[in-house]
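Hello,

Here is the structure I said I would pass on. Please have a look at it first, and then read my notes below.

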Amino acid sequence: MRLFLQIVTGILLLGYPLAVYFGLNYLPTGTIAMVLCFILVTRLLIQKQQVKAMILPIIVGIGLTAASFIAKRHDWLLYYPVVINLSMLMLFAYSLRLGPSMIERLARLKEPELPDEAIPYLKKVTLIWCGLFVFNGSVALYTAHYASLEIWTLYNGLIAYLLIGSLLGGEWLYRTIWLNKS
């Protein structure tokens with residue numbers, strides 16, 4: 001049951017921007033804030049978090065959604081993508097400072113005995129991810145402040161995911177084709 005709830009809450013949180021859009025347009029005031037807060041609380045309670053730093057964005061999300069409901073300020077819901085990007089940036093940048101880099105940690109899950117020459121490459125990839133989190137977080141903040149709900153939803157619910165997928169796919173392709181030739 002725990003795994004099922006983790007999967008369901010994970011999928012629902014990926015759809016956060018769409019939920020906000022539809023909730024603010026079609027549900028009674030405050031309903032979507034309450035629903036999202038419930039999902040985040042459920043996620044916090046059931047998740048066996050291996051990366052303790054990822055608890056922070058969930059707690060901040062709970063605070064944002066609860067405060068949005070209590071204060072009747074739906075605009076506060078728009079800042080959760082900023083929190084996620086900032087949290088990921090801090091996590092990846094922290095790993096660069098103290099090592100091993102986040103991408104190296106992830107790579108070692110699949111291949112525990114990485115060659116020494118792979119470490120600088122993995123640090124560069126981690127740095128590229130940091131750049132993406134800065135960009136995504138900046139655009140998310142801009143759309144929360146200045147854009148319409150439709151533009152906010154388009155960027156945070158589609159374009160940001162396409163950028164993340166492009167980086168994942170592009171790095172995989174580069175690593176598979178060019179790095180494996182040598």
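R73 counts as partly exposed, at 36% relative accessibility, and its side chain meets that of D75 in a salt bridge with an N to O distance of 2.7 Å. By salt bridge I mean a side-chain nitrogen of Lys or Arg within 4 Å of a carboxyl oxygen of Asp or Glu. D75 is partly exposed as well, with 23% relative accessibility. For these labels, buried is under 20% relative accessible area, exposed is over 50%, and partly exposed is in between (1.4 Å probe, protein chains only).

Before going further, a word on the source: this is a predicted model, in which local features need pLDDT of at least 70 and side-chain atom pairs count only at pLDDT 80 or more, while totals for chains, interfaces and linings use all residues. Residues are numbered from 1 along each chain as its sequence is written, and side-chain values use heavy atoms, with hydrogens and water left out.

The salt bridge count comes to 2. The other pair is E104 and R108, at 2.9 Å from N to O. These two residues are 4 apart in helix 6, so about one helical turn separates them. E104 is buried at 7% relative accessibility, whereas R108 is partly exposed at 30%.

Now the overall fold. The protein chain has 8 helices and 0 strands; helices (H or I, at least four residues) and strands (E, at least two) are DSSP runs, numbered from the N terminus. The C-alpha trace spans about 60 × 35 × 25 Å along its principal axes, and 37% of the 182 residues are buried.

Two spots in the loops deserve a look. K72, in the loop between helix 4 and helix 5, has a phi near 55°, a positive value in a residue other than glycine. K72 is exposed, with a relative accessible area of 65%. In the loop between helix 5 and helix 6 sits P100, which is joined to G99 by a cis peptide bond with omega of about -15°.

The unreviewed UniProt entry places "transmembrane region" at residues 29-46, 53-71, 77-96, 127-148 and 154-174. Those positions are in the numbering used here, with feature names shortened, and such annotations may be inferred rather than shown by experiment. In the model, residues 29-46 are 89% helix and 0% strand, with the end C-alpha atoms 28 Å apart. Residues 127-148 are 91% helix and 0% strand, and there the end C-alpha atoms are 31 Å apart.

The largest pocket has a volume of about 1500 Å³. Of its 46 lining residues, the closest to the centre are F92, I103, L106, W129 and L168. Helix 8 gives the most to this lining, with 10 residues. On a 1 Å grid over the protein atoms alone, a pocket is an open set of points where a 1.4 Å probe fits, with protein on both sides within 12 Å along at least five of seven lines; lining residues have an atom within 4 Å of a point. The volume is the space filled by probe spheres set on the points, which are joined across faces, edges and corners.

Helix 8 (residues 149-177) also holds L158, which is partly exposed at 42% relative accessibility. L158 belongs to a nonpolar surface patch with I151, L154, I159 and L162, about 420 Å² of accessible area together. Patch residues have over 30% relative accessible area and no salt bridge, and nonpolar side chains (Val, Leu, Ile, Met, Phe, Trp, Tyr) are joined within 5 Å, like charges within 9 Å. The areas come from the Shrake-Rupley method with a 1.4 Å probe, and for residues only the protein chains shown count as cover.

Best wishes
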